[in-house]
Amino acid sequence: MSAIDIDTLTDEDINALSEQGLTLPLTYHTLKHYLPHRYPFMLVDRITACKPGECITGIKNVTINEEFFNGHFPDEPIMPGVLMVEAMAQVSGVLGFISAGLTAEDGYLYLFAGVDKVRFKRRVIPGDQLIIRAKTVMQRHGIYKFDCTVHVEDELAASAQVMIARQEQS
């Protein structure tokens with residue numbers, strides 16, 4: 001599935017989101033109902049496309065004000081690769097919630113369960129905008145696997161296969 005396929009929504013996709021009271025783009029005020037993360041660890045600024053059960057596109061704006069740039073690296077700031085993987089997992093978690101018709105307020109969390117096939121292709125620096133895409137590969141009993149990519153403009157920065165698991169909060 002190409003980026004164009006992921007980012008082009010049908011009336012059916014828009015109606016599926018509308019049935020959950022969602023209108024794109026999803027911004028912080030909506031995302032906080034799906035993700036338990038908050039500053040400085042919320043690594044998605046908005047969702048620009050979503051096909052429930054299939055795929056999602058999110059945006060992360062990278063600024064010099066990010067906490068991690070204080071130490072990684074002060075003289076040549078580079079976004080840590082593990083944070084790009086975390087951003088992929090967060091966007092995937094939003095897709096998991098929307099696909100299940102749930103929010104975190106329903107008493108569930110999506111936890112990072114695994115990552116495979118991680119590749120880093122490009123440095124991410126302040127001023128870059130990450131375009132994060134996740135495509136559902138497998139869904140079974142609250143466990144999801146996604147093929148994920150991070151692009152800066154049209155250039156691939158990172159890719160991974162991310163697994164998350166839905167858990168009921170105690």
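Student: Which residue in the turn between β5 and β6 has a positive phi?
Tutor: Glu153, at about 55°. The two strands form a hairpin, with 2 residues between them. The strands are DSSP runs of E, at least two residues long, and helices are runs of H or I, at least four, both numbered from the N terminus.

Student: What kind of model is this?
Tutor: This is a predicted model, where local features need pLDDT of at least 70, side-chain atom pairs count only at pLDDT 80 or more, and totals for chains, interfaces and linings use all residues. Residues are numbered from 1 along each chain as its sequence is written, and side-chain values use heavy atoms, with hydrogens and water left out.

Student: Why are β5 and β6 called paired?
Tutor: Two strands pair if DSSP finds at least two bridges between them. β5 (residues 143–152) and β6 have 10 bridges, so they pair, in the antiparallel sense. Ile143, for example, has Ala165 in β6 as its bridge partner.

Student: What holds paired strands of a sheet together?
Tutor: Backbone hydrogen bonds, in either a parallel or an antiparallel arrangement.

Student: Which residue of β6 is the bridge partner of Phe120?
Tutor: Ala158. Strand β3 (residues 108–120) and β6 (residues 155–168) are joined by 10 bridges and run antiparallel.

Student: What is the strand order in the open sheet?
Tutor: β1-β2-β4-β5-β6-β3, 6 strands with antiparallel pairing. β1 (46–51) and β3 each have a single partner strand, so they stand at the edges, with one side of each left without a neighbour in the sheet. From one strand to the next, the twist averages 25°.

Student: How many bridges join β2 to β4?
Tutor: There are 7, between residues 55–61 and residues 129–140, and the strands run antiparallel. Cys55 stands opposite Lys135 there.

Student: How do you know whether α4 has the span expected of a helix?
Tutor: The expected span is 1.5 Å times one less than the number of residues. α4 (residues 81–100) has 20 residues, with 28 Å expected. From first C-alpha to last, α4 reaches 29 Å, close to that value. Gly101 follows α4, with a positive phi near 70°.

Student: What makes α4 largely enclosed by the rest of the structure?
Tutor: Buried means under 20% relative accessible area, exposed over 50%, and partly exposed in between (1.4 Å probe, protein chains only). In α4, 17 of the 20 residues are buried, so the helix is largely enclosed. α4 also lies across β1, β2, β3, β4, β5 and β6.

Student: Why is Thr136 called buried?
Tutor: Its relative accessibility is 17%, so Thr136 falls under the 20% limit. Thr136 is in strand β4.

Technical notes
Axes are lines fitted to C-alpha atoms, for helices over the stretch in contact, and angles run from 0 to 180 degrees between N-to-C directions. Contact means heavy atoms within 4.5 Å.
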